[in-house]
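Student: I would like to go through this structure with you, asking at each step what a given label rests on.

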Amino acid sequence: MPETLSPIERAKHAAAWRASAYVESGMRVGLGTGSTAAWMVRRLGERVAEEGLQIVGVPTSSRTADLARQVGLTVASLDEAKWLDLTIDGADEFDGALNLVKGGGGALLQEKIVATASDRMIVIADAAKEVSALGSFPLPVEIVPFGWQTTKALVVETLVNMDVLGREATLRMNDDVPYVTDEGNYIVDLNLLRIGNARQLSLVLNQIPGVVENGLFIDVCDMVVIGHGDGAVTLRDPSGIAAHSAALPQNESGNIFADGD
Ligand SMILES: O=C[C@H](O)[C@H](O)[C@H](O)COP(=O)(O)O
């Protein structure tokens, strides 16, 4: 581990390093987006160079695709790979049921498609991302540019009717122009009073014309690898804390959750 990392970067690095150990030769692996996922992509690049690890990586953003190629990973589109063994990605929040808020980096659409097309999804996150209830992090909603102001107004009206809207929803900006996702869409960030029933909110949002996808990932994640500032990791599955420390997987049989879960 690099000596000079801040505690938060050390935590992200530790989680990414630990989760990367679940990747085995022959796997098709979804490569998440964000600062934590970038550590994972770099680690997989090291394993390719050092161990001859042979994998196909499916990136969830143009940024991740660029990094994956830079570090020597074989990159394919999801349509080329078709179905994935494992996706490893970061998150903005996760709760005790391993439901997530994602999209702080604008990649939620490709991330959700890739994670859903995977046998397993492992989330890598620093401990500060754990929440008792989702909703502190503004919920990103990806909308098409056509009629975006009308779509945004419909989203706001829907949330007001559900009595969950906090402050005004904001169009994500990049300097003084709208932020544009890899799929050519805009993002509205929702400051919510509460999320309540996350599955219901996700369905309601996605039914609004013009909404492409939202950042709630419900029943997608199988395990969270939590990194801590001292470099330790803990693993969490939906049944609660799986009491692991920093030890790497003992079992190389191919069952990625075989080490005590
Ligand atoms: O769109 C971005 C993704 O959902 C990221 O995985 C998420 O924002 C977490 O990013 P980071 O690891 O940089 O906190």
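Student: What makes the sheet S5-S6-S14 an open one, and in which sense do its strands pair?
Tutor: Three strands, meaning DSSP runs of E of at least two residues, numbered from the N terminus, lie in the order S5-S6-S14 with antiparallel pairing. The edge strands are S5 (93-94) and S14 (216-217), each of which pairs on one side only. Two strands pair if DSSP finds at least two bridges between them, and S5 and S6 (residues 100-101) have 2 bridges, with Phe94 opposite Leu100 in S6.

Tutor: Please keep in mind that this is a predicted model, in which local features need pLDDT of at least 70 and side-chain atom pairs count only at pLDDT 80 or more, while totals for chains, interfaces and linings use all residues. Residues are numbered from 1 along each chain as its sequence is written.

Student: Why is Pro145 called exposed?
Tutor: A residue is exposed if 12 or fewer other C-beta atoms, placed from the backbone, lie within 10 Å of its own, buried if 20 or more do, and partly exposed in between. Pro145 counts as exposed because it has 12 such neighbours. Pro145 sits in the loop between strand S8 (139-143) and helix H6 (148-161).

Notes. Helices (H or I, at least four residues) and strands (E, at least two) are DSSP runs, numbered from the N terminus.
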